[in-house]
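Colleague: I have a few questions on this one before I set anything up. Can we go through it residue by residue and then turn to the ligand?

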Amino acid sequence: MATIAPSILASDFSRLGEEIDSAVNAGVETLHLDIMDGQFVSNISFGVDISQMVIERAAPLPLDAHLMVTMPEYYIESFAKAGADLFTFHLEIDARRQALPGGRWVYGATELRYVSRINHIIDQIRSAGMKVGLALNPPTDPKLAAPFLDRVDRLLLMSVNPGFGGQSFIEEIFAKLERAAKYRQKKKLKFDIQIDGGVGLANIGQLVSLGADNLVCGTSFFGAKDYSMRLKELTAALTATK
Ligand code: DX5
Ligand code: ZN
């Protein structure tokens, strides 16, 4: 059964401890930590200290850290020490920055520039004792991830341009997900597929039917009044395809 991963970026930071307790008491199986450096994305969120507090407060749930940072190498050791279960970094760390409206930007890769750096980061995450996630932004061609997919535990497909919660789902990602799931089946690979951004009751069932295994729900979870009711609704919607 697919897993729902509430993103704490959408929680009330002024009551973060209580928010984690409420989510855990509602029965979530995991939480998604969005770390942003203000360089790779046009926003700054939180770092390893807050991540560690969340990880410890939510223990023993396994939490995944999504690093939207230009230098993921700098953070591997500290997130491993903080107890992160899975560390996801972006394929686009050496890619080109594209301007978006409102002073925002997104990095998209159309070619692979430094394969050895990506492989080295994968090795470092694994030897630090964490599972490995590789993330692709919406503009990035998924075939660029192919050389690494037999070495990672997770492929994260961004379904919004990263940096902010509460954005609308980018419809093209349905086709990207279908391609990735078909490729996984053809090559008999083991990575799970996480969809991240704009996921909610309206699209979660279709995403699962196309092959998604883990669905990040920021606003669609923490935007609800009653977290256990919302978790039940989202869980029911996992199996209700269009
Ligand atoms: C965006 C983050 C997402 C975001 C999801 O850069 O990676 O995880 O917080 O939030 P929603 O579900 O509200 O789009
Ligand atoms: Zn994320």
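Colleague: Is F89 buried or exposed?

Modeller: F89 counts as buried because its relative accessibility is 0%. Buried means under 20% relative accessible area, exposed over 50%, and partly exposed in between, with a 1.4 Å probe and protein chains only.

Colleague: Which strand is F89 in?

Modeller: F89 lies in strand β4, residues 86-90. Helices (H or I, at least four residues) and strands (E, at least two) are DSSP runs, numbered from the N terminus.

Colleague: And how far is F89 from S228?

Modeller: The C-alpha atoms of F89 and S228 are 30 Å apart in space, and the two residues are 139 apart in sequence.

Colleague: What should I know about the model and the numbering?

Modeller: It is a predicted model, where local features need pLDDT of at least 70 and side-chain atom pairs count only at pLDDT 80 or more, while totals for chains, interfaces and linings use all residues. Residues are numbered from 1 along each chain as its sequence is written, chains are lettered from A and ligands numbered from 1 in the order in which they are written, and side-chain values use heavy atoms, with hydrogens and water left out.

Colleague: On to the ligand. Which residues come nearest to ligand 1?

Modeller: D34, G163, D196, G218 and T219 come nearest, out of 20 residues around ligand 1. A residue is near a molecule or strand if one of its heavy atoms lies within 4 Å of it.

Colleague: What polar contacts are there?

Modeller: A polar side-chain atom of D196 lies 2.5 Å from an oxygen atom of ligand 1. From the backbone, an N or O atom of G218 lies 2.8 Å from a ligand oxygen, and one of G166 lies 2.9 Å from a ligand oxygen. The protein covers 99% of the 380 Å² of accessible area that ligand 1 has on its own. Those areas come from the Shrake-Rupley method with a 1.4 Å probe; for residues, only the protein chains shown count as cover.

Colleague: What is the cut-off for a polar contact?

Modeller: A pair of N or O atoms within 3.5 Å; within protein, one must be able to donate a hydrogen and the other to accept it, and residues adjacent in sequence count only if both atoms are side-chain atoms.

Colleague: Which strands supply the shell around ligand 1?

Modeller: β2 (32-36), β3 (64-68) and β10 (214-217) each supply at least two residues. β2 gives the most, with three residues.

Colleague: How does the shell around ligand 1 split by class?

Modeller: Eight nonpolar, ten polar and two charged residues. Ala, Val, Leu, Ile, Met, Phe, Trp, Tyr, Cys and Pro count as nonpolar, Asp, Glu, Lys and Arg as charged, and the others, Gly among them, as polar.

Colleague: Back to the backbone. Where is the cis peptide bond?

Modeller: The bond from A59 to P60 is cis, with omega near 10°. P60 is found in the loop between α2 and β3.

Colleague: What is phi of K188?

Modeller: Phi of K188 is near 55°, a positive value in a residue other than glycine. Most residues other than glycine have a negative phi, and most peptide bonds are trans. K188 sits in the loop between α5 (173-187) and β9 (192-196), and counts as exposed because its relative accessibility is 67%.

Colleague: And Q194, buried or exposed?

Modeller: Q194 is buried, at 0% relative accessibility, and its place is in strand β9. Its C-alpha is 6.0 Å from that of D213, 19 residues apart in sequence.
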